[in-house]
Amino acid sequence: MGERLNLALNFDGIIVANVYYHWSATTFESICMAIDIVKRLQRGLPTLAYDNVLLADFGLTTESDAGYNEESLQYMMAHYPQHSFRKPQSRTYGLIGITPRDKEKNAAFADATVTIRIDAKKEMVIDMGIIEGYPDYATFEREFIDEYELEDVEGVDLNTVLPAGLDFYKLTLDEARILAKAFYEIEDAAPTYFTYGHKIYPYLTM
């Protein structure tokens, strides 16, 4: 089974919504999803009132197949009757959590989390916790290392294609695009790990 993703929206330090994807927590796919959501939010900010929940809805559902968990759907319909909200199709397309219980459930099911952070000035950064939170290769693949030497395993050095000192906790949209492009270019190599800085990370595949 593919790694399961929790993609969270953080407004002014509060997770107002998250969405659970059952198959999508690869390094490449998850960052592309985050980039798409940031673009939607940026398009919506000039015209929508600064209502965190409605902004979350705009970012998560516009041009997306994600739908609301049942409890969150009832919450949105009750509090925003003038709007329509999408019912979920499946866990693969995304389950949106708005209520505390649904948000907690989405986070608990996931193997990794990516967070889009938006402050009071409406500035956005992408926190790729999915990368920075990885254990190093030796820990992650301990049973594999017991059988093979690291140099016998396929790896990719991202130090040669990414800017030095990229902060995975404060990626701007442009930096996120650079990172996504780097992952896209190494997809065909199907590496087991990649190196960036002085760390070695496992590379997730579907």
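1. Start with glutamate 123. This residue lies in the loop between β5 (112-118) and β6 (124-127). The model is predicted. Setting aside neighbours within four places in sequence, glutamate 123 is in contact with Arg117 and Ile118. Threonine 172 is 49 residues away in sequence, yet the C-alpha to C-alpha separation from glutamate 123 is 9.3 Å.

2. Next, the sheet. Three strands form an open sheet in the order β7-β8-β9, and the pairing is mixed. The edges are β7 (155-157) and β9 (199-202), each of which pairs on one side only. From one strand to the next, the twist averages 25°.

3. How do the strands of that sheet pair? β7 and β8 (residues 193-196) run in the parallel sense, over three bridges. Here aspartate 157 stands opposite threonine 195 in β8. β8 and β9 pair in the antiparallel sense, over four bridges. In that pairing, tyrosine 193 has proline 202 in β9 as its bridge partner.

4. The turn deserves a look. β8 and β9 make a hairpin, with two residues between them. Glycine 197 sits in the turn and has a positive phi of about 65°.

5. Is threonine 195 buried or exposed? Threonine 195 lies in strand β8. Its relative accessibility is 18%, so it counts as buried, the cut-off for that class being under 20%. Beyond its neighbours within four places in sequence, threonine 195 is in contact with Val156, Asp157, Leu158, Asn159 and Ile200. Asp157 is also the residue that stands opposite threonine 195 in the sheet.

6. On to the aromatic residues. The structure holds four aromatic pairs. One of them joins tyrosine 68 and phenylalanine 85 in an edge-to-face arrangement, at 5.8 Å centre to centre and 90° between the planes. Tyrosine 68 lies in strand β3 (residues 67-68), while phenylalanine 85 lies in the loop between α3 (70-79) and β4 (95-97), so the pair ties together parts 17 residues apart in sequence. Tyrosine 68 is buried, at 0% relative accessible area. Phenylalanine 85 is buried too, at 12%.

7. Now the charged pairs. The count of salt bridges comes to six. Among them is the one between the side chains of glutamate 63 and arginine 43, at 3.0 Å, N to O. Glutamate 63 lies in the loop between α2 (52-61) and β3, and arginine 43 lies in helix α1 (residues 27-44), so this pair ties together parts 20 residues apart in sequence. Glutamate 63 is exposed, with a relative accessible area of 65%. Arginine 43 counts as partly exposed, at 46%.

8. Another salt bridge lies within a helix. The side chains of aspartate 102 and lysine 105 meet at 3.6 Å, N to O. Both residues lie in helix α4 (residues 100-109), three residues apart, or about one turn of the helix. Lysine 105 is partly exposed, at 36%.

9. Helix α8 (residues 173-186) holds both aspartate 174 and arginine 177, three residues apart, about one turn of the helix. Their side chains meet in a salt bridge of 2.9 Å, N to O. Arginine 177 counts as partly exposed, with 36% relative accessibility.

Technical notes
Residues are numbered from 1 along each chain as its sequence is written. This is a predicted model: local features need pLDDT of at least 70, side-chain atom pairs count only at pLDDT 80 or more; totals for chains, interfaces and linings use all residues. Side-chain values use heavy atoms; hydrogens and water are left out. Two strands pair if DSSP finds at least two bridges between them. Axes are lines fitted to C-alpha atoms, for helices over the stretch in contact, and angles run from 0 to 180 degrees between N-to-C directions. Contact means heavy atoms within 4.5 Å. Buried means under 20% relative accessible area, exposed over 50%, partly exposed in between (1.4 Å probe, protein chains only). Rings of Phe, Tyr and Trp (its six-membered ring) pair if their centres lie within 6.5 Å; planes under 30 degrees apart count as stacked, over 60 as edge-to-face and the rest as tilted. A salt bridge is a side-chain nitrogen of Lys or Arg within 4 Å of a carboxyl oxygen of Asp or Glu.
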